[in-house]
Amino acid sequence: MNAIPVAKLTFKELLKEKAFLGLLLFEVFLLFVSKLISNVVAGDTVKVAMDFALAFFFFTVALFSIFASVGSTFRDISDKVVYLILSKPLRRRDYVLGKFLGVAGAVALFTFFSFFVVTAGILTISSLSNLYVPHVIVVERVFLVSILTCMMGIFLSAFGLLFAVLFTSQILALLSVLFLFFAGLELSPVKELVTSSKYVSPINKVIVQLAYYLFPNFSLFDIKDYAVHLSLTVSPLYFLLVSVYFLIYTSAVLVVSTLLFERREL
Amino acid sequence: MKRLLLAFFLIIFSIPFMVKADKMKPRVKELLPVLPYSYSQVLISSPGFKSPAADILFINLCYLTGNDVFNNWKERKFSEEEWERLIENVRVIEKLDPYYFDPLYFLGAYVPWKVYKNRKLLLKINSTLLEGSRYIKDWRLPFLVGFNYFYFMDNKVEGAKYLKIASQMKGAPSYLKLLVPRLYAESGKLDIAIAVTYEELKSAKQESVKRALERRLKALLAIKELDRALSVYRKRYGRCPETLDDLVRSGILKKLPKDPYGGKFYIEKRKCKVWTTSNLRPVSTSSSR
């Protein structure tokens, strides 16, 4: 496959990035912040620390995915590396696919390291807290959360690539992916609020419903509560459905990205 | 390097001006420190941070209540409106993170002591706790609902109903099983009290609990027997007897039963009902409530 050399190159380049180590260190700092916040709450401090630590984990992975996908593609274009690559017997769609696979690999590795950092952090916080009723932490649950977070990161990086190919301004591409990410997180609650409200007109309800079906739903990958509350259960079917949704939607985004890149004037 | 040092000292030099200006900044004085939060606003403004948002609201709530408890706002305590807002904020937390136990425990165990004169607020607290018990299977939630009913609202029947639910949940202390029949008996529902005690006796596994339930049953059956004799007396003479000894003198009872708790049975004149000085607790440890 012609995409593999590009994927390898992108992967190696991203591992050397300051953002990779920088965001991991930032995550350690955020664990300290989680511990500090949990200190001021009455009752189950470990629950609060976990809430914050896992939310920060989710967002750090999202940030890395956005910066890695948009930044790497724009760097290839601005440093003229893309001309060098495309001068080889390589189709443009293979370049896009390779880029995506490289970023996806880096995101997976980043999530894997983050999982260790976060798990070690929350286990340490738990051992330091002196609760009357200890908060049980199930590492397997945190791992399942990490798997979905990793999927979210890869999904998001597909959009990063799409916007990097679509826009000529890096800032615009970054902001667009960020906007899309937050919109995708908000869609489920917005739909829930709008459909249950008496004050929203039927037309607006239809618009929200349409947006709910068409926009990427990032909230599906957010199951942090499952790791925090042991009484919550998630069916294996849920993981299967989310995985299928992720695969189909990511493929669709990649198809559009390759199409746009083939038509783009470099 | 010199420029960096210069920049550093310039920033240090600017600090007193910033602090002075910050003190002089015009600020709107808040009339009520407990602000009402809306579920939809918090939900929309915290994408992916639903649970941390619930945590922050709870921290805020604890901080405000702590101030009220330790009288940091020297000029006044929480008003009733603020307590109502506080209850509403717990409802918002509950919606954001339905499995979060601590805010509900705080609401059920602390807030009723502050708002016990307001029945509407007590009912609001109970409905919030019951909503929470749909997600959190902890005996303390129905217990707190029951406690609010029997202690603050003087509704012993409803109280007993929720205590019974609590007593059947995992981790519930064994004394709850005894409290339920006592509340039914105190509210005049003797038949329910006896039936509940029988039921609990059948399922009790601990020997100490079994013995305590048997003693309770014995006392309840004695009250029931006296009550029955009392109604026969009323039918026959058209009035309530002066003392329980009248039941023996009239030949309705051969002798008066003894209270297994060491108390003495007597007639509550107002209702013409039998009760005991032990209040269904061993006399040495019994108290008025």
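Student: Before we get going, what does buried mean here?
Tutor: Buried means under 20% relative accessible area, while exposed means over 50%, with partly exposed in between. Keep in mind that this is a predicted model.

Student: Where in chain B does D227(B) lie?
Tutor: In helix α12 of chain B, which covers residues 207-237.

Student: And what is D227(B) in contact with, leaving aside its neighbours within four places in sequence?
Tutor: L190(B), K273(B) and V274(B).

Student: Switching to the interface. How many residues of chain B are in contact with chain A?
Tutor: 19 residues of chain B, and they are in contact with 26 residues of chain A. The area buried between the two chains is about 1,900 Å², and carbon and sulfur atoms give 67% of that.

Student: Which three residues of chain B supply more of that area than any other three?
Tutor: P47(B), I59(B) and Y99(B), which supply 27% of the area that chain B buries against chain A.

Student: How many polar contacts and salt bridges go across?
Tutor: Eight residue pairs are in polar contact between chain B and chain A, counting pairs with both residues at pLDDT 80 or more. On chain B's side, the elements that give two or more residues are α2 (39-45) and α3 (50-69). The largest share of that side, seven residues, comes from α3(B). By type, the chain B residues that touch chain A divide into 12 nonpolar, four polar and three charged. As for salt bridges, two are found across this interface.

Student: What does K47(A) form a salt bridge with in chain B?
Tutor: With D55(B), and the closest N and O atoms are 2.7 Å apart. K47(A) also forms a salt bridge inside chain A, with D51(A), where the closest N and O atoms are 2.5 Å apart.

Student: How far apart are K47(A) and D51(A) along the helix?
Tutor: They are four residues apart in helix α3 of chain A, so about one helical turn separates them.

Student: New topic: where is H135(A)?
Tutor: H135(A) sits in the loop between α5 (92-128) and α6 (139-166) of chain A. With 13% relative accessibility, H135(A) counts as buried.

Student: Which side chain does H135(A) have a polar contact with?
Tutor: The side chain of D44(A), at 2.7 Å. Beyond neighbours within four places in sequence, the contacts of H135(A) include V46(A), K47(A) and M50(A).

Student: Back to chain B. Why is helix α5 of chain B largely enclosed?
Tutor: Because six of its eight residues (102-109) are buried. Those are D102(B), P103(B), L104(B), F106(B), L107(B) and G108(B). The cover over them includes α3, α4 (80-96), α6 (112-115), α7 (119-133) and α8 (140-152) of chain B.

Student: Last one: how many residues has the largest nonpolar core?
Tutor: It has 161 residues, and among those with the most contacts inside it are Y95(A), F159(A) and L96(B). Helix α3 of chain A (residues 45-78) gives the largest share, 19 residues. As for Y95(A), its contacts beyond four places in sequence include V6(A), D76(A), L90(A) and F261(A).

Technical notes:
Residues numbered from 1 in each chain as written. Chains lettered and ligands numbered in written order. Predicted model: local features only at pLDDT ≥ 70, side-chain atom pairs only at ≥ 80, totals over all residues. Heavy atoms only, no water. Contact = heavy atoms within 4.5 Å. Core = buried A, V, L, I, M, F, W, Y, C linked by side-chain atoms within 4.5 Å. Buried < 20%, exposed > 50% of the residue type's maximum accessible area, 1.4 Å probe, protein only. Buried area = accessible area lost by both parts, 1.4 Å probe. Salt bridge = Lys/Arg side-chain N within 4 Å of Asp/Glu carboxyl O. Polar contact = N/O pair within 3.5 Å; in protein donor to acceptor, adjacent residues only side chain to side chain. Nonpolar A, V, L, I, M, F, W, Y, C, P; charged D, E, K, R; others polar.
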